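Hi everyone, thanks for coming. Let's look at this one together and see how the pieces sit against each other.

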Amino acid sequence: MLCIYLLMGMLYAFLYGSIDRLGGDPFFVGGAPASASNCLYFSFTTLTTTGFGDYTARTSAGHALAVLEIVLGQLYLVTVIA
């Protein structure tokens, strides 16, 4: 069960990196590089709803994907732990 949660975080990190590479503009506000480590960090702080706020998605697609990750992450935890 933990593996699925970790894979979900890595999948979203890949999607964030893909948006950065395919979108033309930087994914993060302020032009922070969307390196693999930054995307993983952003993904897991989003998935766990920690949200430190040091990285923020710049585009509407990034915001929508982050919201989807938050909802799916919380629903997954609620169903697995319950």
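H2 and H3 are oblique to each other, because angles under 35 degrees count as roughly parallel, over 145 as roughly antiparallel, 65 to 115 as roughly perpendicular and the rest as oblique. The axes of H2 (residues 36-47) and H3 cross at roughly 50° and come within 8 Å. Here, axes are lines fitted to C-alpha atoms over the stretch in contact, with angles from 0 to 180 degrees between N-to-C directions. Helices are DSSP runs (H or I, at least four residues), numbered from the N terminus. On the H2 side, the contact (heavy atoms within 4.5 Å) includes Phe 42 and Leu 47, and on the H3 side Ile 70 and Gln 74.

A quick word on the model: it is predicted, so local features need pLDDT of at least 70, side-chain atom pairs count only at pLDDT 80 or more, and totals for chains, interfaces and linings use all residues. Residues are numbered from 1 along each chain as its sequence is written, and side-chain values use heavy atoms, leaving out hydrogens and water.

Now, how do H1 and H3 run relative to each other, roughly parallel or antiparallel? They are roughly antiparallel: H1 (residues 2-23) packs on H3 at about 180°, with the axes 11 Å apart. Among the residues that meet are Tyr 5 and Ile 19 of H1 and Leu 72 and Tyr 76 of H3.

Finally, find Thr 49 in the loop between H2 and H3. Most residues other than glycine have a negative phi, yet Thr 49 has a positive one of about 55°.

Conventions
Helix = DSSP H or I, 4+ residues; strand = E, 2+ residues; numbered from the N terminus.
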